[in-house]
Amino acid sequence: MRLRFAALVLLLVGCDSTTETPRADAGADFGPPVPASTDHCAYEALPPTGHAGGTVTSGAVSAGTSDLILDIPVGTTMGGYTSRSLGAGSDGKVDARYNEIAGGFVSSVGVETFPHVKALALTAGEETVVIIKVDLTLAYDGITFDVERNLGADFAGKVIFATSHSHAAMSQYTANSALAVGLGQFRRLVYDRVVDTMTRAAQAALAARVPAKIGFAHEANFDPENRISGDRRSENDILPGGADRKDSDLYVIRVDRMDDTPLAVVPIFGIHGTVLDANNNLASTDAPGAIERAVEESFDDEVLVMHLQGLGGDVSPQGSGGIDCPGGNDTSCYNFARVESVGRYARDLVLASWEEAGMHMQSSVPMEMLTRSVDLGPNWETFAIREGALSYAPFDRHRNCDREIYDDSGAIISPIDEFNAPVGAALCGGNMGPIIARGQMPGTVNVQQYRSCTMVDEAAEVLGIVTQLTFEPFPLCATTRTVVSALRIGDMLVATLPGEPVTVLGDRLRAMSPNDVAHTIIIGYAQGHVGYLLSPEDWLLGGYEPSINFWGPLEGEYIVEQTARLFPLVMSDAREDASTDGTTRYTTPAGPDTSVPAADPAPTRGTVPTAIPVSTYSRAGGAITTAQPSATLPRLATARFVWIGEDPIEHTPRVTLQREMTRDAGDYVNLTRRSGRPIQDQEVLLFETPDPLSRSGTTPRTHYWVSEWQAASAWGTPGADEVGDRAGLPLGRYRFHVQGAGYMLDSNPFDVTAGAIDATVTRSGNSLALDVGYHAADGFRLLDLQASSNGHVPLRSSPVDVVATLADSSTRTFDDVETDATGHASIDAGSDAPNVTHVQITDRFGNSGGASP
């Protein structure tokens with residue numbers, strides 16, 4: 001979670017002091033310290049692990065998949081950036097709308113790519129596990145356990161809940177109030193939809209199981225050119241194995257039917273979903289979703305592609321090209337084009353490992369999965385690691401620290417007495433003081449590694465004001481527990497980590513594995529979430545990542561050790577009950593959201609308005625004067641359709657593009673990708689605006705929906721799937737088709753016509769130098785992997801036909817002139833060159849444009 005507002009808060013509270021304030025209680029005897037009470041927290045025991053007892057034996061593999069859209073209401077805030085709160089920047093806010101779900105955070109206004117819930121059910125002999133990946137910012141362990149409960153006792157400890165970590169994902173589903181500063185107030189409405197959709201996806205995957213085989217591949221030098229991802233944490237470059245280090249280990253799990261047809265592809269590597277910044281207000285799957293789509297559209301049928309996060313804590317997405325956003329953080333400029341480039345770069349590398357996995361397929365394997373709830377704070381003794389070599393001194397607000405971090409050899413001194421936070425601390429790693437002076441841990445005002453740490457109960461006073469959040473008594477209950485899992489499939493060991501693991505810590509976990517690196521997979525952002533996971537040595541180097549965890553420098557490695565405790569159990573031949581050596585779990589609060597109103601009845605849904613409120617928002621900004629798209633649309637231009645629809649609390653409408661197959665026959669069919677999936681997002685943007693923008697009493701509001709589409713070939717178009725093919729969308733008649741709650745609606749049809757060539761011509765002696773390309777100034781699709789897609793896009797290495805008009809009105813034709821890799825070409829016009837008055841250029845798709853030298 002990005003805490004951009006920290007500097008502003010520091011200025012407001014004025015607490016960056018380097019002078020230690022004497023304690024009024026100095027010298028007083030308070031008796032021995034005791035851990036803070038958790039009596040206010042509701043916990044429950046974990047049920048026994050499903051199928052515990054007996055022996056793990058090799059069994060026949062069967063597998064099933066499912067893929068559902070997760071319908072979270074538009075208006076819900078998106079996770080990952082605290083600067084989206086109304087008191088800390090209001091990033092992404094485009095108008096005065098207020099949404100009761102979002103509360104003190106900026107509400108989302110629409111959808112670029114729908115969040116998906118993808119499930120892979122695997123059975124081997126007597127063991128069945130379900131891996132569920134959801135397009136959410138992070139996992140919450142209450143969801144993990146509730147889905148297990150819904151599936152039945154056999155699935156206790158047998159579900160992996162993994163997330164994409166898109167920072168453009170809908171949020172407000174986690175009851176961990178410590179994380180609400182980056183994900184908004186917990187809403188039971190959103191939580192229930194996540195749990196319900198995950199349950200249905202798991203049940204569908206289980207019902208779809210067929211005999212199958214499974215294989216694995218590992219590439220240790222993934223993306224060496226850093227076109228897909230790159231290291232973002234320079235602070236740990238001094239650590240062994242940390243220099244310019246990212247998660248370069250790509251794992252691919254391949255699942256095929258017995259007839260060798262592909263069923264599922266599971267690439268695993270770490271990458272943040274942060275191509276889109278906090279100013280984006282459309283739900284998007286960001287880079288992880290683009291990776292999935294790129295691989296999905298490499299197949300002729302619907303194959304489940306499920307990217308799982310690896311060690312993504314210190315890994316940023318890269319990509320190239322994209323959209324030029326004048327003015328920097330312009331909220332109406334959405335860089336979805338650069339998001340796509342990440343997927344395009346990843347596709348071939350993932351597919352190469354998928355091919356490699358095909359050389360090692362097995363139809364019978366031993367399999368076992370174990371899940372355990374583990375204690376976190378507030379007991380300082382919990383966090384002792386490395387067989388007790390590193391631990392905390394007792395948490396005691398009345399004790400100063402010795403301010404000694406390292407011994408003469410550079411090793412960390414234990415017990416650590418500087419991290420002294422009875423109910424946890426956050427915002428560590430910075431150069432300034434805590435966000436409120438009394439939140440300073442005793443004696444750390446001049447201790448660089450700890451001076452910005454703010455005790456959570458004191459930080460809540462400032463954060464509650466800034467984010468309009470309320471917090472339960474401390475310690476915050478969800479910060480006192482987390483969950484870890486281990487899964488054995490054949491000779492592969494899969495471990496989950498409940499947070500954002502950095503690469504150096506991943507090395508420590510793999511070193512604890514009985515398997516080598518090639519046979520040890522780590523899935524991050526799974527099962528639960530505690531923040532960033534770092535080793536103590538890494539945490540003490542400061543920077544952004546230590547600011548988001550709650551139990552200091554030992555928490556990350558402690559969780560890693562707890563995960564590793566499952567390794568010998570899961571790799572043995574006995575079926576253990578992992579619940580017997582764990583702890584209870586935090587119980588998610590029940591009850592309805594009293595602050596969230598019922599959906600507006602929307603009696604005029606499914607109609608096209610004759611007048612559109614000036615407040616109706618779209619990507620282009622400004623007033624929308626007509627609801628219907630223009631009758632003609634040149635290639636690469638943008639069409640828009642407006643209608644009155646349902647309240648998004650009830651449902652999010654689906655919009656597809658349709659094309660008439662026979663002129664004037666009315667036989668419209670949905671545009672589909674190579675895999676057969678309909679084009680209903682990414683190419684089609686969706687916006688919602690309530691009228692009025694803020695609710696007035698109990699008066700129902702009218703909900704205006706806007707869909708935008710750029711006339712460019714879709715990702716996954718058979719035979720035209722490269723970015724250089726985007727200007728080749730088939731000509732013809734198209735329309736928007738809307739499927740809403742209780743209605744269907746079509747826009748007026750419109751004709752897609754040939755687009756314009758953007759060209760310049762320069763005369764030099766007998767030669768004409770051409771600079772050829774396209775210019776879609778209002779576009780949002782990826783047209784080039786180097787140039788800005790809404791600027792001049794060179795027509796690279798492509799044939800064009802050229803007609804030169806002379807002063808006497810005669811013409812000369814030059815066919816199949818090849819442009820170079822920069823979109824330039826040269827024509828030898830001989831003695832006619834001085835007489836050329838105009839040059840008309842036509843590309844291979846029939847798009848045309850001219851210029852005069």
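Tutor: Angles under 35 degrees count as roughly parallel, over 145 as roughly antiparallel, 65 to 115 as roughly perpendicular, and the rest as oblique. This is a predicted model, in which local features need pLDDT of at least 70 and side-chain atom pairs count only at pLDDT 80 or more, while totals for chains, interfaces and linings use all residues. Residues are numbered from 1 along each chain as its sequence is written, and side-chain values use heavy atoms, with hydrogens and water left out.

Student: What makes α8 and α10 roughly parallel to each other?

Tutor: Helix α8 (residues 503-512) and helix α10 (residues 555-564) pack at an angle of about 25°, and their axes are 10 Å apart. Axes are lines fitted to C-alpha atoms, for helices over the stretch in contact, and the angles run from 0 to 180 degrees between N-to-C directions. The two helices are therefore roughly parallel. Their crossing is right-handed; a crossing has that name if the near helix is turned clockwise from the far one by less than a right angle, and is left-handed if anticlockwise.

Student: Which residues of α8 and α10 meet?

Tutor: On the α8 side they are L505, R508, L509 and M512, and on the α10 side G556, E557, V560, E561, T563 and A564. By class, this contact has five nonpolar, two polar and three charged residues. Ala, Val, Leu, Ile, Met, Phe, Trp, Tyr, Cys and Pro count as nonpolar, Asp, Glu, Lys and Arg as charged, and the others, Gly among them, as polar. Contact means heavy atoms within 4.5 Å.

Student: How do you know that α10 is mostly covered?

Tutor: In α10, 10 of its 10 residues are buried, among them Y558 and I559. Buried means under 20% relative accessible area, exposed over 50%, and partly exposed in between (1.4 Å probe, protein chains only).

Student: Why is α5 called oblique to α6?

Tutor: The axes of helix α5 (residues 286-296) and helix α6 (residues 336-357) cross at roughly 50° and come within 7 Å. That angle makes α5 oblique to α6. α5 passes α6 in a right-handed crossing. Residues of the contact include A290, I291 and A294 of α5 and V339, G343 and R347 of α6. The contact of α5 with α6 has 10 nonpolar, one polar and four charged residues.

Student: Why does H307 count as buried?

Tutor: H307 has 0% relative accessibility, and therefore counts as buried. H307 is found in the loop between β12 (304-305) and β13 (315-317). Leaving aside neighbours within four places in sequence, H307 is in contact with K133, P267, F269, I271, P288 and E292.

Student: Why is N150 called partly exposed?

Tutor: The relative accessible area of N150 is 40%, so N150 is partly exposed. N150 is found in helix α2 (residues 141-151) and touches V195, T199 and Q203, not counting residues up to four places away in sequence.

Student: How do you know that the radius of gyration of the protein chain agrees with a compact globule?

Tutor: With 853 residues, a compact globule would have a radius of gyration near 29 Å, and the protein chain has 29 Å, so the values agree. The radius of gyration is taken over C-alpha atoms, and the globule rule is 2.2 Å times the number of residues to the power 0.38. Of the 853 residues, 62% count as buried. The protein chain has 11 helices and 40 strands; helices (H or I, at least four residues) and strands (E, at least two) are DSSP runs, numbered from the N terminus.
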